[in-house]
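This briefing goes through one protein chain by topic.

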Amino acid sequence: MIKRLPPQAALPPTIFIFVAVLFYWGLLRENPDSLPSSFVGRNAPGFELAPFEDMPLPESIEPNSGDMKLINFWASWCAPCRAEHPQLLSLKNEGYGIIGVNYKDDPAHARAFLLELGNPYSEIGADPEGRTAIEWGVYGIPETFVVGADGKVALRFAGPITSRVLKETVRPALGAEARE
């Protein structure tokens with residue numbers, strides 16, 4: 001004699017199949033590390049920054065300036081910022097202008113950080129309260145934006161720029177040939 005199972009017995013396997021399909025769909029996403037940004041393709045937001053040392057203070061990104069810019073949000077207390085620093089110095093040495101936004105940092109610590117590792121920034125300002133970071137949609141640092149010569153955001157990258165990220169993500173956004 002075959003015994004019938006109650007309808008509730010089908011619930012656990014159904015839930016398992018649903019969760020498995022959801023995970024499988026997540027694995028098929030094109031780039032699981034990328035974060036959507038409402039700024040990509042739009043004009044870059046402005047800056048309201050405090051002066052940092054005697055460095056030139058970024059005021060705004062002018063549309064059709066002819067220059068591509070990188071905007072890097074960083075802090076001395078941020079370990080991944082230390083890890084990405086050699087890549088930023090490399091970009092500076094290649095002639096790219098990098099705007100540094102020092103995020104919620106102690107000025108003395110930020111100064112010591114740059115003295116120790118070198119200064120990759122052509123312009124720099126302090127964001128002691130994080131207001132500019134909010135305007136740019138930053139939720140954690142480091143975050144880097146590539147802004148095209150037309151003043152539009154071409155890329156938002158959250159996390160440290162490693163040599164691989166530089167080659168596969170940042171350089172293509174800059175329109176440069178990928179180099180190792």
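A residue counts as buried under 20% relative accessible area, as exposed over 50%, and as partly exposed in between (1.4 Å probe, protein chains only). Buried residues make up 38% of the 180 residues in this chain. The model is predicted, so local features need pLDDT of at least 70 and side-chain atom pairs count only at pLDDT 80 or more, while totals for chains, interfaces and linings use all residues. Residues are numbered from 1 along each chain as its sequence is written, and side-chain values use heavy atoms, with hydrogens and water left out.

**Overall fold**

- Helices (H or I, at least four residues) and strands (E, at least two) are DSSP runs, numbered from the N terminus.
- The chain has five helices and six strands, in the order α-β-β-α-β-α-β-α-β-β-α from the N terminus.
- With contact meaning heavy atoms within 4.5 Å, residues 24 or more positions apart account for 75% of the contacts that have a separation of 6 or more.
- The chain exposes about 11,100 Å², and carbon and sulfur atoms supply 58% of that area; accessible areas come from the Shrake-Rupley method with a 1.4 Å probe, and for residues only the protein chains shown count as cover.

**Helix α2**

- Helix α2 (residues 79-93) has 15 residues and reaches 23 Å from its first C-alpha to its last, close to the 21 Å expected at 1.5 Å a residue; the expected span is 1.5 Å times one less than the number of residues.
- α2 bends by about 40° at histidine 85, and proline 86 follows within four residues; the bend is the angle between axes fitted to the seven residues ending at a position and the seven starting there.
- Buried in α2 are Cys81, Glu84, His85, Gln87, Leu88 and Leu91, and their cover includes β2 (69-74), β3 (97-103), α3 (107-117), β5 (143-147) and α5 (163-174).

- Threonine 132 is in helix α4 (residues 131-136) and is buried, with a relative accessible area of 2%.
- Leaving aside neighbours within four places in sequence, threonine 132 is in contact with Gly46, Phe47, Glu48, Leu49, Phe73 and Asp127.
- Alanine 112, in helix α3, is partly exposed at 40% relative accessible area.
- Leucine 22 lies in helix α1 (residues 11-27) and is partly exposed at 46% relative accessibility.

**Salt bridges**

- A salt bridge is a side-chain nitrogen of Lys or Arg within 4 Å of a carboxyl oxygen of Asp or Glu, and by this rule the count comes to seven.
- Glutamate 123 pairs with lysine 69, the closest N and O atoms being 3.8 Å apart.
- Glutamate 123 lies in strand β4 (residues 123-127) and lysine 69 in strand β2, so this pair ties together parts 54 residues apart in sequence.
- Arginine 156 and glutamate 143 meet at 2.9 Å, N to O; the former is in strand β6 (residues 153-158) and the latter in strand β5, 13 residues apart.
- Both arginine 156 and glutamate 143 are buried.
- Arginine 164 and glutamate 168 form a salt bridge at 3.2 Å, N to O; they are separated by about one helical turn because they are four residues apart in helix α5.
- Arginine 164 is exposed, with a relative accessible area of 59%.
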